[in-house]
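Subject: Structure for you to look at

Hello,

Here is the structure I promised. Please open it and keep it beside you while you read my notes.

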Amino acid sequence: MAAFIELQTGEGAWLKLIRLLLSVTVLIVILSVNTFWAWKMASLTALILVLLLIRFRMQRVSHLHCLRLYDNGNVTLLTEGNNEIPGILETVPWATRWASVLSVGRFDRWPRQQFLVCRSRNNRDDYRHMMCWLRLGNLSRSADGILGPR
């Protein structure tokens, strides 16, 4: 087994489609509910703000298209210009069979960043190896004391 796994970050097409379908459904429900127009406008404003926040969070790390996850919890972030930024997996990741969210702290003291890793955008074996490393727990203890308190 390799010492690192190279994973593509970002949301898959299926996740974008689900977000679009949910947004359209919520929009239809808001417009069809029998209430005052002031509440409808407040709800539409809240929906737009949530969608803008999601878009902002996804674009904030869009230039970091790939991450290299090592078996000891170290991470190398790869930019579009193939620059390498060292980091470390900071907290216990949120992981499912379809998508995972990895919290990466960078050594240049940038705030901790969240990276979405979808199984559909990556090699099936690489995603499975990442899940095995996460279940074994050998990645979760790597950040203790390196970047300061969590």
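**What I found**

At 0% relative accessibility, Cys-118 is buried (buried means under 20% relative accessible area, exposed over 50%, partly exposed in between, with a 1.4 Å probe and protein chains only). Cys-66 is buried too, at 1%. The model has 0 disulfides, a disulfide being a pair of cysteine sulfur atoms within 2.5 Å.

This is a predicted model: local features need pLDDT of at least 70, side-chain atom pairs count only at pLDDT 80 or more, and totals for chains, interfaces and linings use all residues. Residues are numbered from 1 along each chain as its sequence is written, and side-chain values use heavy atoms, without hydrogens or water.

Now the core. The largest nonpolar core holds 18 residues (buried Ala, Val, Leu, Ile, Met, Phe, Trp, Tyr and Cys residues joined through side-chain atoms within 4.5 Å). Leu-7, Val-75 and Met-130 are among those with the most contacts inside this core. Helix H3 (124-136) and strand E2 (64-70) are among the elements that supply at least two residues each. H3 gives the most, with 5 residues. Helices (H or I, at least four residues) and strands (E, at least two) are DSSP runs, numbered from the N terminus.

Beyond its neighbours within four places in sequence, Val-75 has contacts that include Leu-67, Ile-85 and Val-104 (contact means heavy atoms within 4.5 Å).

Best wishes
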